[in-house]
Amino acid sequence: MTGSSTAPRGCEDPRWLKGLLLAASLAFLLIFLLLPLLNLFAQALSRGGRFYLASLLSADTRSAIRLTLLVAAICVPLNTVFGLAAAWAVAKFEFRGKTLLVTLIDLPFSVSPVVSGSMYLFLFGLQGLFGSWLDARDIQIVFAVPGLVLVTMFVTIPFVARELIPVMQATGTEQEQAAITLGASGWQTFWHVSLPSVKWGLLYGVILCNARAMGEFGAVSVVSGHITGLTDTMPLRVEKLYNEYNGAAAFAVASLLAMLALVTLLVKTFLEGRTAGEPASIQPVIIGARAGVSNLSRAK
Amino acid sequence: MSIELKKVSKQYGRELAVEEVSFSVEDGELVALLGPSGCGKTTVLRMIAGLEQPTGGDIYIRAQRVNELSVQERNIGFVFQSYALFKTMNVYKNIAFGLKIKKWKKADIVTRVGDLLRLIGLEGLDHRYPHQLSGGQRQRVAMARALAPRPNVLLLDEPFGAVDAKIRQELREWLVRLHHDLSITTVFVTHDQEEAMEVANRIVIFSKGRVEQIGTPREVYDHPASEFVARFIGVMNVFELEVRRGMARLHELEFPAAGLADGQRVRIGFRPYAVQVSPDLDHYRYRAVLRHTFFLGVMLRVELQLASGLTIRGRMTKEEYEHLGLADDQEVSFQIRQYRVLGNENTPLPPEISTAGDTAPVRRESPVDEPPASDKESVGSSEKLP
C-alpha cells in the first residue's frame, strides 16, 4: 500500500484525490476550451495568411469592425459614468429602495439577450410603442446604429457598477472625510482620493464592459436588421459569413474577437497581480463575463 | 481660549445624542473627552471638526463662531480611529496632501514633510504605502498628515484604539511628548479612563450625551462629582443595603444609618483604597478570604470574599502587600475606613464619612499619594443587589 508509511493528516486530502481532480479539470478545459480555440485559429489560417488578411480587409468586414468599435466607443464611456454614479450611490449613501436599485442593475444579467433586443424592438420598431411616432418624424432607431447602441448599453449596464460596489463599500467614507478635513474640496477629494482608490476595480469593470460590448450577439442580432456594410457588427458578420459557406473568412473575423478575449484575459490577470499586494478589499470581483469567444459557439 | 462649546446639542431624529454640552479648551491644552461608548463624545468631536452639524448651541474656535463654517474652512487637524490614510498614496504623499491642497510651494512642502517625518521618527519610510506599515507607524503618519498644514486645533478620535497594548503605551508617551513640544491645542476622545488620566491635562467626562464632570485627572480622581464618574474611572465599590434596627446592612456589612426608617434601602459606596487589610484576624472588624491579587505594577488590586459570598475590591501598594505578607486564599481581616451614602447615579456625590475609631489602629493615610494608575479592571466592579 502506498502512502501508508506516512501517518495520514486529519485535514489533508489523499494525494490521489488531488491528482484526480486536477486531471479532470485540466481535461475538461482542454476539451471544451483550448481545443475549440486552437481549432478556430487553425481554421482561420487554413487558406493561408494572405486569404486571412484579405478576408479581414474586405469592405464589409472593415465596416463591421468600424461599427463594433463605434458602438463600444459610445457604450463603454456612458456605462462607466453610469457605473461610477450608481456604485457611489449604493456604497456611500443610505436610501430607501437601495436593494431595488442593485437588483435593477443586475437585471441585464438575468434577461436573455434575445429578450433584451426584443424589448427595444417592441419599443422603437415599426409595430412598437413609439414606432409610428418615430416613423412620422423619419427617425430610425431599430435596424440602425442607434438601436445597436441602445441594446448594447442595456446589456453592458451591470459590468462597471457591479465591479465597483464591493470595492467602494470596502473602502468606506473615512478617506474622503480625511481629505475634507485637510481642506480638499468635493471635486479634489473625488479626483485625488475616491477615484484612485477604486481605479483597478474600475479599469477591470471597463475592460469587461468593453469585451461584452464588442462581443454581444443575441440582443444586437434582434435589432440589427443584418444590413451588410451598414448594421452588421463583428459577431453578426461572423454569422453571416458562416451562413454563406465562407468558413475561413468567418473564422478570420472570429479570431479577431477571440484575440480580444485573450487580451481581456491578459489584462485581467495583470490587474489581479497589481492588486494582489494591496489589501484584499480592492481586488476585483470576477463576474459573469462573456467575451467574444463564447458568442462564437452561438454564431455557428 | 482655543475651543469653546456653548450648550451644544445634537439630535438624530427623536434621539438626543448630545445634550447642551458646554466646555472650553485653553490654548495649548490637551483635553480628553472620556466616556463609555455611545455617550456622545465622538459626536462632540466631529461637531468641533464640522463633520457633524449641531442642532443647537454654538461652537467657537479661536473666538470665531464656526457653526456656519465648512470643515475645510475650520483649519483643524483630524485623526480618525482607523487612521483613514490614503491607501493609494505613499507616506510622503499622504503627509503632503493637505499642503498641496493649500497650494504650498514645492520646496516648502519638501521641507515640511521632511521635518514631520523626523518628528514622527519615520525618516526613510517616505516611499512606503500604508499597507506596508505597522499599526503604530500608520498612527504616526495619520498624526503627521493632520499636523502638516499647521491646524489651529488637533482632534483625535480614539487615537490608540486600534493598536496593541505595548504600542498603545508607547504612542501615549509619544503623544504627550509631541504635545509638549508643539503645544498645539488638542482634543482627543477615548473610552479608556487610564489613557485619559495619563495623557490629558484636563478630562471632560460624558455620560448619556451630557457632561458629568470637567477637571484635571487628579481632581476627577480625588473628587468625582457623581457616582457615575467614580465608578467609571474605577474607584468605587457600590452596595445596596437595607436598614434594620438603625443600621444599614448587607450580609456582614453594616454602616450607621441614623434617622433612617427600618426597611429603607440605602446605597453605599467606598473606594478600594479605603479598604484596609491585615493578616491578623482580630485586627479589623470584618473577616474575609483574599481570593485574588491583581498585579498592576506599583499598585495591586485585591479581591476579598466574605463568608456570605460578597466580594470587595481593595487596593494597596506592592510594598504594603509584601510588608503584610499577604497571599491568595489567605484569611484576613479588613475594615472600610471611609464611605459615602449614595443617591442617584448621576447626582452629586455626598461627602465621605469616616469610620476611623471603628476598630484598631489606622494605617498611614495617603490616598492622594496614589498614582491614578491602572484601575481599568475595576470599572463596573461594583455590585448591586437585585
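Select chain A. Among its contacts between residues at least 6 apart in sequence, 76% join residues at least 24 apart. Here, two residues are in contact if their C-beta atoms, placed from the backbone, lie within 7 Å.

Before you go on, note that this is a predicted model: local features need pLDDT of at least 70, side-chain atom pairs count only at pLDDT 80 or more, and totals for chains, interfaces and linings use all residues. Residues are numbered from 1 along each chain as its sequence is written, while chains are lettered from A and ligands numbered from 1 in the order in which they are written.

**Stop 1: chain A as a cartoon**

Chain A has 14 helices and zero strands. Helices (H or I, at least four residues) and strands (E, at least two) are DSSP runs, numbered from the N terminus. How much of chain A is buried? The share is 39% of its 300 residues. A residue is buried if 20 or more other C-beta atoms lie within 10 Å of its own, exposed if 12 or fewer, and partly exposed in between; the C-beta atoms are placed from the backbone.

**Stop 2: two loop residues**

Most residues other than glycine have a negative phi. Now select F143(A). Its phi is positive, near 60 degrees. F143(A) sits in the loop between α6 (131–136) and α7 (145–171) of chain A. It counts as partly exposed because it has 19 C-beta neighbours inside 10 Å.

Next, select H226(A). Its phi is also positive, near 50 degrees. Look for H226(A) in the loop between α11 (218–224) and α12 (234–243) of chain A. With 13 C-beta neighbours inside 10 Å, H226(A) counts as partly exposed.

**Stop 3: where the chains touch**

Show both chains. The contact takes 16 residues from chain A and 18 residues from chain B. Which helix of chain A gives the most to its side of the contact? It is α8(A), with six residues. The chain A side divides into seven nonpolar, seven polar and two charged residues. Ala, Val, Leu, Ile, Met, Phe, Trp, Tyr, Cys and Pro count as nonpolar, Asp, Glu, Lys and Arg as charged, and the others, Gly among them, as polar.

**Stop 4: the domains of chain B**

Colour residues 3–231 of chain B as domain 1 and 266–377 as domain 2. These bounds come from an automatic or database domain assignment. The centres of the two domains, taken over C-alpha atoms, are 37 Å apart.

**Stop 5: the sheet in chain B**

Find the open sheet of six strands, in the order β6-β7-β8-β3-β9-β10 (chain B), with mixed pairing. Two strands pair if DSSP finds at least two bridges between them. At the edges stand β6 (76–79) and β10 (210–215) of chain B; each has a single partner strand, so one side of each has no neighbour in the sheet.

Zoom in on β6(B). It pairs with β7 (residues 153–157) of chain B in the parallel sense, over four bridges. G77(B) stands opposite L154(B) in β7(B).

**Stop 6: the cores**

Select A32(B), L33(B), I48(B), L155(B) and V187(B). They have the most contacts inside the largest nonpolar core, which has 85 residues. Such a core is a set of buried Ala, Val, Leu, Ile, Met, Phe, Trp, Tyr and Cys residues joined through C-beta atoms within 7 Å. Helix α5 (residues 135–147) of chain B supplies the largest share of this core, six residues. Another core, of 62 residues, lies apart from it; L202(A), V223(A), A249(A) and A261(A) are among its members.
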